[in-house]
Amino acid sequence: MSIDDEAQEPLEPRVGPVPEDDPEFRPYRHPAAGWGAASSVTRFLLEERALVDGPRAIMRMNHENGGFDCPGCAWPDDTKGLHLDICENGIKHVTWEMTRKRVDRDFFAAHAVTELAGWSDYDLENQGRLTEPMVYDAASDHYVPISWKDAFELVGATLRGLDSPNRAAYYTSGRLGNEATFLYQLMARELGTNNLPDCSNMCHEASGRALQASLGTGKGTVDLKDWESADALFILGVNAASNAPRMLTALAEADRRGARIVHVNPLVEAAATRTIVPHEFTDMALFRTTRTSTLNLQPRIGGDMALLRGMAKAVLEKSASDPKALDVAFIDRHTAGFEEYRALCEATPWEELERQSGLSRDDILEAARVYGEADRSIVSWCLGLTQHEHGVDTVREIVNLLLLRGNLGREGAGPSPVRGHSNVQGNRTCGIDHRPTDAFLDRLADACGIDPPREHGLDTVRTIRAMREGTVKVFVGMGGNFALAAPDTAATYAALRSCDLTVQVSTKLNRSHVVHGRAALILPCLGRTEKDHQRRGVQSTSVEDSMSMVHLSVGMKRPASPHLLSEPAIVAGMARAALPDSETPWDWYVEDYDRIRDTMAEALEGFEDFNRRVRLPLGFRIKQPARELVFLTPSGRAEFSSAALPDIVPEPGTLALGTMRSHDQWNTTIYSDNDRYRGVKNLRTLVFMNRADMRERGIADMGPVDITSTAKDGSSRFLTGYTAIPYDIPRGCAAGYMPEMNVLCALGDYSTQSDQPIMKHLKVTVVPAAG
């Protein structure tokens with residue numbers, strides 16, 4: 001059976017708890033955060049019986065002296081010494097990790113894997129922390145205990161037995177610290193492969209490729225101090241209240257100082273209205289809200305590029321009568337390709353910009369006016385822009401707009417991608433890249449004494465294909481829940497089950513443990529909240545936030561089990577077994593992570609003097625050449641892009657569907673079936689639709705519907721018995737939750753620009769449920 005044939009089979013989602021009450025929908029009218037967040041956190045702490053450990057963790061999270069970094073989002077730590085630099089989702093994430101519940105050998109003896117496969121993903125994770133290494137026993141269909149030594153030897157023997165190192169793939173989630181990341185990629189490359197797929201392949205790959213092409217750097221150029229001094233903030237495709245809640249503080253402060261804040265999103269999310277920041281106690285006591293937006297624009301899904309080009313067209317038209325509308329000196333001195341871009345904008349009719357964006361000309365001109373009147377502007381974005389076929393072109397259009405007014409290389413201005421997971425950017429910086437540069441490999445070879453492979457490896461989509469086809473036989477996952485995070489759920493399940501061995505390094509039980517290879521290992525690791533004791537004392541790890549700040553994280557809590565190992569120790573154990581003749585001092589590295597950092601200082605550009613600099617207050621910022629107006633592009637200048645405007649208007653009868661998280665969710669971890677900020681209770685199997693689209697299809701409010709997606713190759717995928725909820729979303733657009741809806745994204749539906757799955761722009765039909 002081919003991947004596409006198998007992927008057409010309906011797949012019943014198994015995500016979330018079983019609702020205890022009937023589903024409800026009431027539009028949310030309250031400010032983001034505030035007492036709603038405080039109440040939610042209190043209930044969660046009570047449910048997890050963490051009324052002591054929870055507050056202790058709150059006082060240690062995101063602190064520069066001896067604290068641990070939140071394992072949730074990658075928003076930077078406060079620069080002003082804030083003592084409660086926390087958020088609702090961060091507290092939930094930490095409390096979920098610190099649970100007193102345990103998944104031990106008795107649990108696995110009582111539950112066969114076939115039984116566990118029928119559980120919801122909420123129930124799997126809610127069993128608690130994993131306590132010791134386990135191996136799958138096919139004869140009994142149970143996981144059974146295995147010693148660490150034997151577990152490492154199983155990995156090592158399997159890897160040594162492969163006829164090519166490219167038969168294995170090494171996946172990484174964003175929770176992995178920098179030191180473990182560096183050792184992990186070193187192991188893979190010493191083994192001889194660049195098969196290093198990671199979660200960036202599914203989220204911000206487009207951002208990195210676009211910024212690299214435009215500016216010569218794969219990262220944003222701004223930091224939190226720039227956010228504190230910008231005159232205008234443009235927030236595109238970001239649900240900040242759920243995905244980066246600490247951004248609310250920056251937005252509230254921006255409004256108070258008179259900055260303009262423009263949110264661009266098909267859905268007007270809670271973060272785009274008003275907030276009460278919980279650590280601002282006077283506001284909490286007085287129920288005093290602060291605006292977080294001065295303008296909300298709702299383009300059609302995928303219409304952001306047309307909006308951005310329309311804003312650029314307006315700026316260029318204004319420059320005919322107002323020379324100050326453009327920064328001519330900056331353009332002449334620092335950019336290339338301006339005249340071609342000017343001609344492209346002039347040739348693009350306003351009617352086409354309105355049609356593609358789904359916005360009126362007046363809306364576009366208003367956004368352009370805000371941009372033109374601001375001396376310093378930041379444009380920030382997240383997956384709402386990147387998980388599209390044309391994600392790279394859209395991010396490059398952001399850079400085009402910024403270049404027109406010289407919004408680069410000065411305080412309060414520049415591009416600012418919002419990374420979703422706490423160290424996903426650090427993973428890439430420290431070597432998790434299936435397409436490494438020769439310069440990186442040369443430094444790695446000199447620092448570590450290895451001969452790394454030069455052939456590019458497999459990304460996430462190609463790893464799934466290779467596993468399904470049998471060309472990749474071993475899958476190692478460092479954190480995350482690959483089975484649920486990846487697209488085309490049926491194809492991903494089949495791919496994992498085709499492996500000779502799957503290895504999952506995890507803190508809690510999840511779907512990737514019950515969808516496994518013929519042989520399977522669960523290797524439990526320390527959480528970020530826990531103390532990491534090694535031979536030379538308690539160790540710290542480092543992480544990089546979404547604005548390139550690198551800082552230390554030190555756990556505070558006794559480990560959930562004496563049998564847990566740290567991620568660096570697990571990597572070292574696998575490497576020793578797989579590379580018995582290696583000269584890399586794996587054990588010596590694990591004794592003292594400073595030793596790893598000393599090697600990283602030699603191997604990684606920008607990490608020089610790593611151990612001293614990372615211990616400075618707030619750590620250190622990795623230098624960004626483009627911030628200093630040094631552009632490592634072929635021309636040596638910032639490059640305007642002149643990409644054609646794509647046609648993204650849905651065909652008659654179809655809708656453009658984007659997947660997203662609920663509020664009570666972090667990545668694939670679901671805390672409840674509620675989505676407070678969207679007014680939903682006791683329901684996840686839903687689709688948000690424009691009421692006119694519902695009426696046109698004969699769909700009642702809260703009525704049952706069937707959803708069919710059509711892939712690029714013409715194949716179909718289905719979800720049945722969903723609930724349609726009328727919502728303020730543009731006509732022709734729909735939205736629903738991942739990971740349930742990942743089944744609708746075909747493995748072949750990935751961007752030709754970034755290779756990312758296009759989970760924000762699926763072509764679907766929605767009809768009343770049959771029967």
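**View 1. Asp 609, a partly exposed residue in a loop.** With a relative accessible area of 40%, Asp 609 is partly exposed in this predicted model, because that label covers values between 20% and 50%. You will find Asp 609 in the loop between α30 (593–603) and α31 (610–613). Have a look at its backbone too: phi of Asp 609 is near 55 degrees, a positive value in a residue other than glycine.

**View 2. Met 702, a non-glycine residue with a positive phi.** Here phi is about 60 degrees, although Met 702 is not a glycine. The loop that holds Met 702 runs between α32 (691–696) and β30 (704–710). Is Met 702 buried, exposed or partly exposed? Its relative accessibility is 31%, so Met 702 counts as partly exposed.

**View 3. Ile 432, a buried residue in a loop.** Ile 432 sits in the loop between α22 (424–429) and α23 (438–448). Its relative accessibility is 0%, so Ile 432 counts as buried. Which residues does Ile 432 touch, leaving aside those up to four places away in sequence? Its contacts include Thr 172, Thr 181, Tyr 184 and Gln 185, and also Leu 196, Pro 197, Asp 198 and Asn 427.

**View 4. The cis peptide bond between Met 738 and Pro 739.** Follow the backbone from Met 738 to Pro 739, and you cross a cis peptide bond with omega of about 5 degrees. Where is Pro 739 found? Look in the loop between β32 (733–737) and β33 (762–768).

Conventions. Residues numbered from 1 in each chain as written. Predicted model: local features only at pLDDT ≥ 70, side-chain atom pairs only at ≥ 80, totals over all residues. Heavy atoms only, no water. Helix = DSSP H or I, 4+ residues; strand = E, 2+ residues; numbered from the N terminus. Buried < 20%, exposed > 50% of the residue type's maximum accessible area, 1.4 Å probe, protein only. Contact = heavy atoms within 4.5 Å.
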